[in-house]
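The following account leads the reader through a structure, from the fold of one chain to its contact with another.

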Amino acid sequence: VSARVAGIALLAAVMAVGTWFGGWWALIAAAALWQLIRRQASPWHAGLAALLGWGALLLMIPATPMGRLMERLGGIVRLPSWATVAVTLAYAALLGWSSARLVRAVRSR
Amino acid sequence: MMLRRLGDVLAGALLAGLLLLSVRRTGPLPALGPLLDPASGVWSVARQAELPPSSRGAVHGLLAGVSIRYDLRAVPHIFAASEADAIRALGYVVARDRLLQMELQWRAGAGRLTELAGRGLLPIDRESRELGLADAAERRLAALAPASRERRLLDAFADGVNAWIDDLGPRDLPLEYHLLGRRPARWAAVNSLYLLGRMGWTLALSDLEDNREAAAALVGAAAADALYPRNSPIQEPVQPNGQRAPRDDFARLPPPASPTLAAIRQAQSSGEVPRRSGTEEEGRSLDALGSNNWAVAPWRTRDGYALLAGDPHLELSLPSIWYEAHLVVPDSLDVYGVTIPGAPGITIGFTRDIAWTFTNAEADVLDRYHEVVDDSMAPTRYRVDGRWRTIRLVPQSYQDPSGAVFAVDTLRFTHRGPLTRDRHGRWRSIRWTVLEAGHELAAFASAVRARTATAWLDSIASYQAPAQNMLVADRQGTIAIRTTGRFPIRPGAGRGDLVQRGDSSAADWSGDWPITELPQAINPVQGYLASANQQPIDPRVNSRYLGANWYTPARALRINALLRADSAVTPDAMRRYQTDPGSPLADRLVPALLTAARRFPARDSLQRAAGLLAQWDRRYTRENERAILYEEAVRQLAPLLWDELTPSSPAQPPPATPGTAIVLELLKDSTSLWWDMRATRRVVEDRDAILAEALVRALAVTLRQHGEPDSGGWRWEKLRHANIYHLLRLPALSALGVPVQGGMSTLNPSSGSGSFGPSWRMVVEMGPEVRAWGIYPGGESGNPASSRYLDHLQAWSEGLLDTLFVPRTVDAADTRLLSALELLPGP
């Protein structure tokens, strides 16, 4: 279990750093690469790592302006302010998971 | 196995879908990848929300380093070695805080909004181009010598803005660019001129001719002239006329007459040039708009120093139309005030020696001409004095954000100005001083170096458009005002409110008002000066045509009354006057309503309404519970009284509602045919019958909409608010429903939509050390996640002013330091 957790944490860190320096597509690349290297891993791990990686990046933003921004963005899309963060994290998780899952499917053929 | 395969297929489809949404725009949704990226997407806006304690930047063209200190109100104090460097730094800091606003404003003036925000904005772009604003700005820039002061200022400002833009990474972009999925365009020198042209559109685009024609088609020419008169029926001019009280020049209004066929045709063919927006027209007709300024001589102030106050009223927006800044160049320049983001200098403000502010002159500086052309569909020539002249053709193309051309057009210009076709196919050209503006920026740049009020007026004398009532006070105690701008002299009867024949050069302007003839005053005997968009000069002093259909001078009446009554004015009194809740129009109309009610004692609802109205103290305080009834009565009165101005055909444009001064004029004539309602053919109503009916209807509407009088629903603050919209009209980024004190015709007028109001309030005391107070709704930052986005709003809403910090040196600025920025010469 601890190896799995460490792996996910490592992947999350790679995804966060990759996003910071490379952009959003780093999630897909990291998830795909991870799945290539660790064939037996569940694609959900990549999804979870993406969520954690982006979550960590969001946590690095100062809380007060972040709160204001969440409120404004929520108002624009007519959602509760927390939902804007939830959408962002869900987007990351789905990108990570679907990318890893696709790689696993291709490799298994 | 099957399930697993299905899962794989779903994952593939999901990834494909997500990738598609991630890389390309889908409807209003920008590409999701760059948008949601927590490092450089929309969330990065929160990282940039607050100013860092210290930072550095490089600006191409800087001759020396510039130190900038943001004070605790986030106002930048710029300390530079030269004027050009100060302007470069100004460009840099304004771009840092207001980049989107700058781009929207220059694009609005250039007619290029579609390139940023999509095809839906084509009508706005077309209007700007058809009015000739973009063409005028481009020709004006081309006419500037490269070494001219104006050109150097424009280039320096562009250097500063572009230094900021060039260094922008994805994670530095303002929120709106993330939402639009765009990057800011680089700044060109001409952009500042586009912006100034747009200000001319806001302040000096009149439709007097169309309005008068529309009225003449309904009630005849004589009545139209009386309803939209050349001279205000109440005289309280900007240039003091030596009288101790306002003067009513009331005359008997000619009765509504049947229009001639020619007048109807004329009206039906007019209206091609865009009118002001609905809200603006509404505000104008209800006397709910306007700017104020006034100055008091030292001998009428408590502390013996000249005082100056100003509050220009404009469409309110977030971020604000204004940006506060302080520019210091040792031994040369030390000016504090507000600038329009995109303009290379301070527009309204003060130095250690002088303070100045403006109100709009509301003069008629635009004329329309019917042209005779060689081809009714695509003319290339027009006839003047029996000879054909060539029309200047300028092809236009409109691009969407992808760069695709989606519309084309040809602009036409006569020697007068832009030529457009009305809806009946007739061609009209306009001549407009805004399109021929001169060297306003250079005039401002010179004026800020003046040491005395008279020197300031001399420096700004070359200013042409949009015309303003320019008020100035100095440290020596001089106060002065001049209605400054270019005012055309028309041939013949001199009227500018009639469409002229274009086939004769005799219809062209024959010159401009000489500066000696402009409305002006220096140190008047009365000891104060005030302007509030009223007719600037008493026609008994100078009867030359300057405009028509002037604002009812309600605010001028009020401020003059307050100043007459106060011989020891303080800065705080000046502040209080800016939100004074008194209404001189209510002082005149309420007694008339109550008198009318007494004539019909048997009407219970009328007596109840009159009883409630009599309880009103005629003040628009937030907690007031009777102003609402009066406002509704005035609203109800308009259609009852002006039923003759409602066209029977939708093809006929309705004229504007006449000003309240005309209503006051009519009150003196209780049996005027204007009081009669045409719909009630067997009854001839008189003044009291109509006033009583308005009051009854007002009570019914107010009860229906707001409940019983003392149930809390009648509180003024529940009815009238300021609604300050974000520039993209996104409610979540706006401040809506902000309670304000003031109402129709008060010094702090509020319009029905609440979208106009005091965009900047300032009070300056010209003592040995200048002291100043000011505020605008919003904050310095255009970033909605910043604590500086809305930090002034509450105080503004309450009519308070912030004390302005005016340090002389960097060291002094460091005593109230929020953030430091050092700019260095860049490559």
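The paragraphs below treat chain B and then the interface of chain A and chain B.

This is a predicted model, in which local features need pLDDT of at least 70 and side-chain atom pairs count only at pLDDT 80 or more, while totals for chains, interfaces and linings use all residues. Residues are numbered from 1 along each chain as its sequence is written, chains are lettered from A and ligands numbered from 1 in the order in which they are written, and side-chain values use heavy atoms, with hydrogens and water left out.

Chain B contains 26 helices and 34 strands (DSSP runs of H or I with at least four residues, and of E with at least two, numbered from the N terminus). Its C-alpha trace spans about 85 × 70 × 70 Å along the principal axes. Of the 827 residues in chain B, 63% are buried, that is, under 20% relative accessible area with a 1.4 Å probe, protein chains only.

Chain A brings 31 residues to the contact and chain B brings 37 residues, contact meaning heavy atoms within 4.5 Å. Between them the two chains bury about 3,100 Å², 73% of it on carbon and sulfur atoms; this is the accessible area (1.4 Å probe) lost on putting two parts together, summed over both.

Two salt bridges are found across this interface (a side-chain nitrogen of Lys or Arg within 4 Å of a carboxyl oxygen of Asp or Glu). A salt bridge joins the side chains of A:R101 and B:D8, at 2.6 Å from N to O. Helix 5 of chain A gives the most to the side of chain A that touches chain B, with 13 residues.

Methods. Buried means under 20% relative accessible area, exposed over 50%, partly exposed in between (1.4 Å probe, protein chains only).
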